[in-house]
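Reader: I have a model open and would like to go through it with you. May I start with how the chains meet?

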Amino acid sequence: MAYGGHVVFCGADAEACEGEIVILRGDNGSGKTTLLNILTGNLQPSSGFIHLDINGGCEMFVFPRPFWRRLTGLGHFAPERLARAGLGRSWQELRLFRTQTVRENLSVAVPRQLGENPLWPLVTPWRVNRQEAAILRDCERRIAEVELTSVLGTEHVDSLSLGQAKRVGVARALNAEARILFLDEPLAGLDRQGRIAIVRLLANLVASRRLTVFVVEHPSNIGELLPFATRVWTIHDGLISQQVGPGQKEAHTTVGSVVEKHWLFGSDGPAQDEAVDLGAGGRLTIARSIHGQGQLPLLEAREMTVSRRGRFVIGGSKDGSSKSSLTLVLRPGDIALLEAPNGWGKTTLLEALAGLLPLSSGMVRLAGRDITAAPPWVRRSAGISFLRAEFNSFPALSVRECLSLAGVRESPPDLQRFLPRRVDTLSGGEQQRVALAIATMGAGCTVAVLDEPFSSLDAQGMAVWRRRVLADAQHRATLIAVPSA
Amino acid sequence: MNYVLHLLVYVCIYSTATLGLNFILGSCGRLSLAHGAYFAVGCYSYALGRVVLGLDFAVSVGFAAIVAAGLSVPLAVMGRRYRGDFFVLMSLAVQVLVLSAITCWFKPGAALGSWSNLTNGPFGIAGVSGPEIAGWRAQTPAQAIALFLPCLLIVGVLSFVWLRSPWGRTLRALRDDELAARGLGKPMGRFLTQAFALGCGFAGIGGALYAAYAGYIDPSVASLDQGVILVSMLVVGGSGNIRGPIVGALIFLLLPEVLRAVPMAETVAASARAFIFGILLILVVHLRPHGLAGVYRVE
């Protein structure tokens, strides 16, 4: 399988049985998502064959497909074909149906509905209604299985938290009568509570329904899944190697989207540590550097409150613990780590600092200059660089073009081999490295504000980035937001 | 009073066609500029059915619907592969093809309806018999409404049933996120073909009613203007339910009459009306993207 000229797989083969949890793991760019897309019909391999044997019915797809098959579309290797055969998947970016309610999201997935042929609702509406009532009852049962009964009536899927939305996605795939589930990074972006819930859900599903579950996860998130895995496929250099039985828990799996302070700040520690409890589970740890102690603050945010759609996200008091307005002062060399659970408002806070959201009250100053009312591009030229959690690079540009757009003078050595390639032909982790380079190495960057920068990186990527941050730390202030441990 | 009834007849006609566009633009999310072309296909099919084949009113309307639905297949095939900008261009191509076919498919001297002269070209088809049922012919606008309103009601009820059925729900899921819906096993091609066939069929019915009322049709019914007016009606009125298209048709047909009350020089009046339509469209899209009575926001 070649991707944009870059060969990903060459002569790969592996197997799995019913009732197993298989973990697909590999470094960034090894081809985990590619393999997942091939196995679910979203991508066609360059050559080889796929032999489907479902309930005795055999089918063979040979690649590359002959031209007459491509023209007529008969015997088509398509996602809907494989889905009807029982291969379901969940998506990394969720892909819930945004204009529909949770109930509709689940009901839509049920296969072989009478009402899907426009003739029957006209001719025999009573049969269609009877089937609809049965489908609704099934949805309630399914939602109870994923422990989300409270959200069944939700009107807008946008108002669900990330963990809830991921569980709705799994429930939807189950509703489509999937016997084999492919999960693409189910733990990404979740805080500890969310991850425990998903892992428990998967274990229950496999045990009660004898499903086969394939999980693609980054090495940094795998630690919590390994105890449940019956098989591990490791993808390396275009080949898949299998290990049966739970794999070894690797030392570096403790580092991940949940960043530990000590890893980040290093044993050659900072001058002093400051820990501030921000309420509602949020915690800010600032490693102050000796170098910056006497200097003027680079970034000052005082008494910040931010509201969204009339509701206070930062500042104001929340039910239970109060979240007072935020005050943050960073001097050159300071590294601040904001750890908070999902839904706390990390992205809202960072977007307000970057100028993408207006402040309800408070003030932001950069090197003494008041930028509270300044638009994002003025803030960027003043020196605040912002890395978003998603959609943080330019898919249609080449890596070289992205770096020159950001004013990066010298391209980093680990990105040299990607320079001529388009960003959208890179894997998730590789794109994240490009985005990090754009955000932290751009021209005139004095304050780096990073939203979940480690989310797709493997161990090597994180090590490279940590070296870079600590090397430049003296002249710059850094604020990093991650989901809490 | 007669004039108001005359306008209401046109409201019935255009509401029917816009309800069809609701399936294509609202439920499938594909902006089609070819809807006016299918309206014209309906006009000509009705006219030929009445004049050449001598069919009844109801049978001719049905014939128009079937022909328009059948000719929607190429558009549906293109709709499978393209969304957004490319699909708009493809629909423009279909529009131009239909217009050319209607304008050029004639031969002076050959009989109407024969293979060498299907449409009478620029001369149009005159003497198209009006609406009648069981021998009773509708002579005045009021009587025409008596026949057209039930048509609109039937089309409205059909739309309502289909939009609320599992079929409509799956169609909306395919519109929201095609990859996710296909990953659940929904065959996109089949749903799209059905939606386009029903949508263009309704456009055909609208065209048939127009031909029945007007009595004379020529290639101008297939102009791009018709397609743009239908799209504007849907965008301003709103899509996703049956209220929106009807509200859109009412606004676009009644507003010029309201503007007649505003005193302005005759030479300026027509351009002023077009100008006001343009402003109205821009305002609605900017301030209320859902349309005045719709549920779906056309992206």
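Author: In this predicted model, 30 residues of chain A are in contact (heavy atoms within 4.5 Å) with 26 residues of chain B. Residues are numbered from 1 along each chain as its sequence is written, and chains are lettered from A and ligands numbered from 1 in the order in which they are written. Local features need pLDDT of at least 70, side-chain atom pairs count only at pLDDT 80 or more, and totals for chains, interfaces and linings use all residues, while side-chain values use heavy atoms, with hydrogens and water left out.

Reader: How much area do chain A and chain B bury between them?

Author: They bury about 2,400 Å², 60% of it on carbon and sulfur atoms. Buried area here is the accessible area (1.4 Å probe) that two parts lose on being put together, summed over both.

Reader: And how many salt bridges cross the interface of chain A and chain B?

Author: The rule finds four across that interface, a salt bridge being a side-chain nitrogen of Lys or Arg within 4 Å of a carboxyl oxygen of Asp or Glu. One joins B:Lys186 to A:Glu116, with the closest N and O atoms 2.9 Å apart.

Reader: Which elements of chain A give two or more residues to the side that touches chain B?

Author: They are α3 (79-84), α4 (102-109), α5 (119-123), α6 (125-145) and α7 (162-175) of chain A. Helices here are DSSP runs (H or I, at least four residues), as are strands (E, at least two), numbered from the N terminus. By class, that side of chain A has 16 nonpolar, six polar and eight charged residues. Nonpolar covers Ala, Val, Leu, Ile, Met, Phe, Trp, Tyr, Cys and Pro; charged covers Asp, Glu, Lys and Arg; the others, Gly among them, are polar.

Reader: Is B:Asp177 buried or exposed?

Author: B:Asp177 is buried, at a relative accessible area of 12%, whereas A:Arg95 is partly exposed at 21%. Buried means under 20% relative accessible area, exposed over 50%, and partly exposed in between (1.4 Å probe, protein chains only).

Reader: What about helix α7 of chain B: how many of its residues are buried?

Author: In α7 (residues 166-176) of chain B, 10 of the 11 residues are buried, so the helix is largely enclosed by the rest of the structure. Among the buried residues are B:Trp167, B:Arg169 and B:Arg172. The cover includes α4 and α6 of chain A, together with α1 (2-27), α6 (141-164), α8 (178-183) and α9 (188-214) of chain B.

Reader: Which residue does B:Glu178 pair with?

Author: B:Glu178 meets B:Arg182 in a salt bridge (3.7 Å, N to O). The two are four residues apart in helix α8 of chain B, and therefore separated by about one helical turn. Salt bridges that share partners join A:Glu80, B:Arg30, B:Arg83, B:Glu178 and B:Arg182 into one network.

Reader: Changing topic, how many disulfides does the structure hold?

Author: Zero, over all chains, where a disulfide is a pair of cysteine sulfur atoms within 2.5 Å.
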